[in-house]
Amino acid sequence: MKTSYQSIVIIGATSAIAQECARLWAKNGARFVLVGRNEDHLRAIAQDLTTRGAQHVAVSVADLRARDAHQAIVDASVATLQFIDAVLIAHGTLPDQKACEESVDATMDALLTNGISAISLMHRYATVMVGQEGGEIGVISSVAGERGRSSNYTYGAAKAAVTTYASGLRARLVDTGVQVTTILPGFVDTPMTAHVPKGFLFASAASVAKRIVKAMEARRDVVYVPGFWKWIMRIVRLVPEGVFKRLKF
Ligand SMILES: NC(=O)c1ccc[n+]([C@@H]2O[C@H](COP(=O)([O-])OP(=O)(O)OC[C@H]3O[C@@H](n4cnc5c(N)ncnc54)[C@H](OP(=O)(O)O)[C@@H]3O)[C@@H](O)[C@H]2O)c1
């Protein structure tokens, strides 16, 4: 696959999907800043990317729930890369919906991890990219953000916030040279879904990464991964609320 980005920041770089994206960019000799909370894992990924052709890989260790640390992460990545071609925001967790129902703190933590922290980073990188007069922000949201299901509406609410924020940010930046790509995966076979029984709707991290990298390089607005989720979600959105609220899924 032909890629062009030379300087890339990956937030949540230990994510299985993000790792596969990074491998595609590494082949082209890109330089990376990898941000995540597990230093050993980040260093192992950095080594792997270097072996695959990356020119330089720096790691930045942070728990992304700590919003106070975000500006320092952004500043350090700018200092390392100077001009940033692309940022991929990929961190997330799949919270236990039952635990969230029993604890408002668990709910707030899930919203912080999956929603607020991604928005804080989008906001900050948008400012950097407007300043450098160009760049691409890819943010991994989810089809779960399109409608609240009883089994995962806390996660869905966080992703809905990310999707809506990305949409508005893209509109604000339309004439600045900065593009925001909203990435909407369905089910992907990664550590996040290790406990979920696998069915035919599951895609591999490697296959979704190809589509994500292609969409970001093409500066697309919104991309469902795999593409058939666009049609599934069109149908899901058509179900009347009176029926939807009784569906146990
Ligand atoms: N898998 C799916 O079915 C699916 C579907 C739709 C959307 N998505 C989205 O795709 C993105 C990537 O997920 P994935 O499927 O690749 O799962 P994954 O391999 O489990 O990756 C999630 C990553 O987020 C990191 N993370 C979580 N909380 C963090 C925090 N507070 N600070 C720093 N890093 C944190 C995790 O780091 P640790 O390894 O240190 O825990 C992990 O590397 C996520 O945004 C997810 O919501 C996934």
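**A parallel sheet and its surroundings**

In this predicted model, L34 has V59 of strand β3 as its bridge partner. The pair belongs to the contact between β3 and strand β2, residues 31–36, where six bridges join the two strands in a parallel arrangement. Helix α3, residues 70–81, packs on the sheet here and touches β1 (7–11), β2 and β3. The direction of α3 makes about 165° with that of β2.

The sheet itself extends well past these strands. It is open and consists of seven strands in the order β3-β2-β1-β4-β5-β6-β9, with parallel pairing. Its edges are formed by β3 (56–61) and β9 (222–225), each of which pairs on one side only. On average, and with direction ignored, neighbouring strands of the sheet are turned by 15° against each other.

Further along the strand order, β5 (residues 135–140) is joined to β6 by six bridges, and these two strands run parallel. Within this pairing, I137 has V180 of β6 as its bridge partner. How many residues of strand β6 (residues 178–185) are buried? The count is eight of its eight residues, and the strand is accordingly described as mostly covered. The cover is present on both faces of β6.

The peptide bond from V225 to P226 is cis, with omega near -15°. P226 is located in the loop between β9 and α8 (229–238). Q82, which is not a glycine, has a positive phi of about 65°, and it lies in the loop between α3 and β4 (86–89). Q82 has 9 C-beta neighbours inside 10 Å, and therefore counts as exposed. R219 is likewise a residue other than glycine with a positive phi, near 55°. Its place is the loop between α7 (205–217) and β9. Because R219 has 14 C-beta neighbours inside 10 Å, it counts as partly exposed. As background to these cases, most residues other than glycine have a negative phi, and most peptide bonds are trans.

A ligand is also part of the model. It is surrounded by 25 residues, of which T14, S15, G92, T190 and M192 are the closest. The shell divides into ten nonpolar, twelve polar and three charged residues.

Helix α5, residues 104–132, contains D105. D105 counts as exposed because it has 10 C-beta neighbours inside 10 Å. From C-alpha to C-alpha, D105 and A13 are 26 Å apart in space, and 92 residues separate them in sequence.

Finally, the chain may be considered as a whole. Its secondary structure comes to nine helices and nine strands. The protein chain has a radius of gyration of 17 Å, close to the 18 Å that the globule rule gives for 249 residues, so it is as compact as a globular protein of that length. The C-alpha trace spans about 55 × 35 × 35 Å along its principal axes. Of the 249 residues, 41% are buried. Among contacts between residues at least 6 apart in sequence, 69% join residues at least 24 apart.

Methods
Residues are numbered from 1 along each chain as its sequence is written. This is a predicted model: local features need pLDDT of at least 70, side-chain atom pairs count only at pLDDT 80 or more; totals for chains, interfaces and linings use all residues. A residue is near a molecule or strand if its C-beta atom, placed from the backbone, lies within 6 Å of it. Ala, Val, Leu, Ile, Met, Phe, Trp, Tyr, Cys and Pro count as nonpolar, Asp, Glu, Lys and Arg as charged, and the others, Gly among them, as polar. Helices (H or I, at least four residues) and strands (E, at least two) are DSSP runs, numbered from the N terminus. The radius of gyration is taken over C-alpha atoms; the globule rule is 2.2 Å times the number of residues to the power 0.38. A residue is buried if 20 or more other C-beta atoms lie within 10 Å of its own, exposed if 12 or fewer, and partly exposed in between; C-beta atoms are placed from the backbone. Two residues are in contact if their C-beta atoms, placed from the backbone, lie within 7 Å. Two strands pair if DSSP finds at least two bridges between them. Axes are lines fitted to C-alpha atoms, for helices over the stretch in contact, and angles run from 0 to 180 degrees between N-to-C directions.
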